[in-house]
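Please look at the protein below and read the short report that follows it.

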Amino acid sequence: MVTSGVDTETFAQIQEAVRRFTMERLIPAEREVEETDTVPAAIVQEMKDLGLFGLSIPQEFGGVGLSLSQEVAVIAEVAQAALAFRSVFGTNVGIGSQGIVIDGTDEQKAEWLPKLATGEATASFALTEPDAGSDAGGLRTRAVRDGDTYVINGAKRYITNSDSATILCLMARTDPDRKGAAGISAFIIPTDTPGITIGKPDKKMGQRGTRTCDITLADVRVPAANMIGGDALVNQGFKTAMKVLDRGRIHMSALAIGQSRRAINEALAYAADRKQFGQEIANFQLVQALLADSQAELYASECMANDAAARFDRGEAIPQQAACAKMFATEACGRIADRAVQIFGGAGYMVEYPVERIYRDVRLMRIYEGTTQIQQLIIAKQMLKRQAAGEKL
């Protein structure tokens, strides 16, 4: 599927509007979010009004219809603010909606995508389980066919936005005799369906204002028509999940780019102002080395994410490129945040400066939507696959 996105002039206007919103509205509200663990309702409404919930949803369903390359640029702007803000609408843009966009039936798209695009509905992606994290093929949630419905039992863990979600895009095993990734199907499940229990929000190291919760499903009845893609995609849900995650990993790269830019800008401004030994510390070559290493890694992250997104938009399969971009950009972001704290010195350890929060917030990016180690496995398997086919790098 080739994606062209919106025209250049329209995109420039969108990007500038998002940049202003981030700088003038989101960054000034970071301290409030950190203290209350909640994104203000007024800001959430402004996000809806700005169209952020529908960035990646096609225009025919009321979305903005950005290409992945354009999405990367916009998300990198928003991600210069605390990651909690992006999390509010991120599942609608990424893993929560894209299963429906990519593999949904015409009826499923018509029913849910317009609501997701406006923020009237919020989607969560329910894949991870207590005993199935990186080993997603080992999930135990069961969906048993009973006439025109499926009866679902199981548990999900660390599900983003589940306490505010309208629907779950949920993976469940429909064929217990098939092992691993085989035998899994994807379902659209309204969260007000009887039998669904949403747990209390998790308390996390960072990213205050984001919400993840456990979900319990006890004899939850779902119409068979709610299987993503219909009967044609029974037992094919893991493939849908992988399509979504390939795209989502580029989205994660954009998050890392945004946070890296913010950390570098904060460190650069501090270094240019802070004086030691009678001069600004930015004049010290060892400080300059920290800044230069960070800038080089940011540039590499941008190049990788932009290349992978462009390939996706051309309709190419990008499992290796997406894994490379996600792995490198998120690992680099961790190093950049660490250098920023080092440049701030003792002040970087204090909550009054944003690099302390950035340092905690970005740690999660090397874990969710596939750990760095899972990305390494994906990359190596793709390399071995090409080698077996007689291809060279």
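Predicted model: local features only at pLDDT ≥ 70, side-chain atom pairs only at ≥ 80, totals over all residues.

**Domains**

The protein chain is split into three parts: domain 1 covers residues 8-118, domain 2 covers 123-234, and domain 3 covers 239-389. Taken over C-alpha atoms, the centres of domain 2 and domain 3 lie 30 Å apart.

How many residues of domain 2 are in contact with domain 3? Eight residues of domain 2 touch nine residues of domain 3. The size of an interface is often given as the accessible area lost when the parts come together. Between domain 2 and domain 3 the buried area is about 840 Å², and carbon and sulfur atoms give 66% of that area. On the side of domain 2, S134, M205 and Q207 lose the most area to domain 3. Together these three residues account for 52% of what that side buries.

The contacts between domain 2 and domain 3 include two residue pairs in polar contact, while the count of salt bridges between these domains is zero. Sorted by class, the side of domain 2 that touches domain 3 has four nonpolar residues, three polar residues and one charged residue.

**Strands**

| Strands | Direction | Bridges |
|---|---|---|
| β2 (residues 142-146) and β3 | antiparallel | five |
| β3 (residues 149-160) and β7 (residues 212-223) | antiparallel | nine |
| β6 (residues 196-198) and β7 | antiparallel | three |

Strand β3 pairs with β2 and also with β7. β2 and β3 make a hairpin with two residues between them. In the turn of this hairpin, G147 has a positive phi of about 65 degrees. D146 stands opposite T149 in β3.

Which residue of β7 is the bridge partner of I198? The partner is I215.

**Salt bridges**

Side chains of opposite charge can pair when their charged atoms come close. The structure holds 28 salt bridges. One of them joins E34 to R208, with the closest N and O atoms 2.6 Å apart. This pair links distant parts of the chain, as its two residues are 174 residues apart. E34 belongs to helix α2 (residues 30-36), whereas R208 sits in the loop between β6 and β7.

Note on methods:
Residues numbered from 1 in each chain as written. Heavy atoms only, no water. Domains from an automatic or database assignment. Contact = heavy atoms within 4.5 Å. Buried area = accessible area lost by both parts, 1.4 Å probe. Salt bridge = Lys/Arg side-chain N within 4 Å of Asp/Glu carboxyl O. Polar contact = N/O pair within 3.5 Å; in protein donor to acceptor, adjacent residues only side chain to side chain. Nonpolar A, V, L, I, M, F, W, Y, C, P; charged D, E, K, R; others polar. Pairing = 2+ DSSP bridges. Helix = DSSP H or I, 4+ residues; strand = E, 2+ residues; numbered from the N terminus.
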